[in-house]
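Open the structure in your viewer and keep the selection tool at hand. Each stop below says what to pick and what to look for.

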Amino acid sequence: MSEYYAVVVLYNKKIQESITVLNLLQLQEDYLHIIVLDNSTNDYVINNKEYFPSNSLTYHSMGGNVGLSKAYNYALSLLKNKSEDDIVIWFDDDTPVDCNYFSCLKNKVIDKKYDVFAPVIYGQDGVIYSPNELGWLKGKYIKSPEQRIPQNKFNAINSCLAVRLKAYEGYVYDEGLFMDCVDTKLFDDFRKKGLKFCILPIKIYQNFFQRTDNRNVQKYWNRFRIRIKDTLYYSSLNGFKAKVSGYIRILGWAVVYGVKLRSIKFSLMCISQILKIG
């Protein structure tokens, strides 16, 4: 039987306040191992280092917020001697995962032809954001969980993604990406490797920051300046056409979120960031 390694990336949150960790601990399954990677600042780390509720949880401080790519690479280094048929599952710290997810995953993992398993992720607006079909400017959202996605255009977000460890043989996440486009780059590389993707028929509901009604310009800017940097870096890896796509996407955000926030300042900051980086 495969072992399952649930990797939770924690950010500025106490372990005992993480919805994901609390839900995983309630499962108490022998096959499930919880690995917490703490990207928090030191004031949270002091508390979290002392929190060891069971032998099924191991904790690692990353020494600050090193970004997702470095955290994921660290997790893979911890799992390098595990069986290639074992499963790693990537979680945010606020995902309401339960036993139904794992029951569904175990049923699909039996079929050895699949390497990557992506659940159906709904945003708070009822839109299915993952998996989706690769597009030039952005992914094309599916309208129902039953909709088929061509293998050569299969794309998904990293949250709740389950992957056989053999898929990571010789693979390293690009640490030039801090947070955004990490999963997009992963699926680019996985498609090139000819891996097989599967939609898990389980629904996960998540709240995405950019879909909230929050109109705090500074909070949006703190988030989007990282997103802009990562988008421009990712776009630069894929030729002129992709780079143009990256610029168009950022200009689109400048307009859309400038209107949403009623802030010309936000729009100008986005444009300024393009000029500064690009």
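Predicted model: local features only at pLDDT ≥ 70, side-chain atom pairs only at ≥ 80, totals over all residues.

**Stop 1: Trp90**

Select Trp90 in strand 4, residues 87–91. Is Trp90 buried or exposed? Trp90 counts as buried because its relative accessibility is 1%, and the cut-off for buried is under 20%. Now show what surrounds Trp90. Leaving aside neighbours within four places in sequence, its contacts include Val7, Tyr72, Ala75, Leu76, Tyr168 and Tyr173. A run of contacts from Asn158 through Ser159 and Cys160 to Leu161 also belongs to the list, as does Val163.

**Stop 2: the cavity**

Next, select Leu24, Leu25, Gln28, Glu29, Leu32, Ile34 and Ser56, the lining of the largest cavity. How many cavities of 30 Å³ or more does a search of the whole structure find? The search finds one. Its volume is about 30 Å³. Colour helix 1 (19–27) and strand 2 (32–38): each supplies at least two lining residues. By class, the lining has four nonpolar residues, two polar and one charged.

**Stop 3: the second largest pocket**

Move to Tyr114, Arg148, Phe197, Cys198 and Ile199. Of the 13 residues lining the second largest pocket, these lie nearest its centre. The pocket holds about 300 Å³ of space. Which element gives the largest share of this lining? Strand 11 does, with four residues. The lining counts eight nonpolar, two polar and three charged residues.

**Stop 4: Ile202**

Stay on strand 11, residues 197–205, and pick Ile202. Ile202 is buried, because its relative accessibility is 16%. Leaving aside neighbours within four places in sequence, Ile202 touches Asn100, Tyr101, Cys104, Pro119 and Val120. Leu105 and Ile202 are 97 residues apart in sequence, but 8.8 Å apart in space, C-alpha to C-alpha.

**Stop 5: salt bridges**

Five salt bridges turn up in a search of the whole structure. Here are some to visit.

- Select Lys112 and Asp85. They form a salt bridge, with the closest N and O atoms 3.9 Å apart. This pair links distant parts of the chain, 27 residues apart: Lys112 sits in the loop between helix 4 (99–109) and strand 5 (116–122), and Asp85 in the loop between helix 3 (68–78) and strand 4. Lys112 is partly exposed at 49% relative accessibility, and Asp85 is partly exposed at 24%.
- Select Arg223 and Asp180. In this salt bridge the closest N and O atoms are 2.8 Å apart. Arg223 is in helix 6, while Asp180 is in the loop between strand 10 (161–164) and helix 5 (182–192), 43 residues apart. Arg223 is partly exposed at 22%; Asp180 is buried at 12%.
- Select Lys185 and Asp189. Their side chains meet in a salt bridge at 2.9 Å, N to O. Both lie in helix 5, four residues apart, about one turn of the helix. Lys185 is buried at 18% relative accessibility, and Asp189 is buried at 14%.

**Stop 6: Arg227**

Finish on Arg227 in helix 6, residues 217–236. Which side chain of opposite charge is nearest to Arg227? Asp180 is, 4.3 Å away. Arg227 is buried yet has no salt bridge, because a salt bridge needs the nitrogen and oxygen within 4 Å. Leaving aside neighbours within four places in sequence, Arg227 is in contact with Asp180, Gln210 and Trp253.

Terms used: Residues numbered from 1 in each chain as written. Heavy atoms only, no water. Buried < 20%, exposed > 50% of the residue type's maximum accessible area, 1.4 Å probe, protein only. Contact = heavy atoms within 4.5 Å. 1 Å grid on protein atoms, 1.4 Å probe; cavity = no way out; pocket = protein on both sides within 12 Å on 5 of 7 lines; lining within 4 Å. Points joined across faces, edges and corners; volume = space filled by probe spheres on them. Nonpolar A, V, L, I, M, F, W, Y, C, P; charged D, E, K, R; others polar. Lys, Arg positive; Asp, Glu negative; His and termini not counted.
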